[in-house]
Amino acid sequence: MKKIIFSSVISIIAAIIIMVIGAKITEVFFSPAAVPRTITGEVQKTQYLFSHASLGFLLGRIIAAICAGLTIGLIISKMKVQKGVSIFCASLFTLLCMYYMYLVVHPVWFWLMMIGSFVPGALIGYRLKITDQT
């Protein structure tokens, strides 16, 4: 049980780090829209940012989500834990994306791609299984 919890925590932390780094790299190449000063709430700012975002900005976030899903699967498989644990961890990110979709709504295609990227990415990452070449 300790191994399952440990591998879950490690994979979730790694996925969050990948998502943050991916978002920062995307912001360097595709700057986000400037938010007017009249918009004050955090949810309204986020809605404005995503509804006025460039295609590259959104695709960069989706690529980061796919990489995060792959990382979850790879870490879980490397620590020799069941596949269901990787599905559970990826499902947590999927639920978070569903919540953001509820808050932000636009663009719908982006949120549907994000929702659909974590679990398949984790399953593919789990099947990749990095082997030691010693």
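## Cysteines

C89 is buried in this predicted model. Its relative accessible area is 0%. C97 also counts as buried, at 6% relative accessibility.

A disulfide is a covalent bond between the sulfur atoms of two cysteines. How many disulfides are there here? The count comes to 0. C89 takes part in no disulfide, and the nearest cysteine sulfur, that of C97, lies 15 Å away. For C97, the closest cysteine sulfur belongs to C67. Those two sulfurs are 14 Å apart, which is too far for a bond, because a disulfide needs sulfur atoms within 2.5 Å.

## How α3 and α6 cross

Two packed helices are described by the angle between their axes and the distance between the axes. Helix α3 covers residues 55-78, and helix α6 covers residues 118-128. They pack at an angle of about 40 degrees. Their axes are 6 Å apart.

Are the two helices parallel or oblique to each other? They are oblique. An angle under 35 degrees would count as roughly parallel, and 65 to 115 as roughly perpendicular. The crossing of α3 past α6 is right-handed.

## Where they touch

Which residues of α3 meet α6? They are A65, A68, G69, L70, I72, G73, L74, I76 and S77. On the α6 side, the contact is made by F118, G121, A122, I124, G125, Y126 and L128. By class, this contact has 11 nonpolar and 5 polar residues. It has no charged residues.

Technical notes
Residues numbered from 1 in each chain as written. Predicted model: local features only at pLDDT ≥ 70, side-chain atom pairs only at ≥ 80, totals over all residues. Heavy atoms only, no water. Buried < 20%, exposed > 50% of the residue type's maximum accessible area, 1.4 Å probe, protein only. Axes fitted to C-alpha atoms, helices over the stretch in contact; angles between N-to-C directions. Helix = DSSP H or I, 4+ residues; strand = E, 2+ residues; numbered from the N terminus. Parallel < 35°, antiparallel > 145°, perpendicular 65-115°, else oblique. Left-handed = near helix turned anticlockwise from the far one by under 90°. Contact = heavy atoms within 4.5 Å. Nonpolar A, V, L, I, M, F, W, Y, C, P; charged D, E, K, R; others polar.
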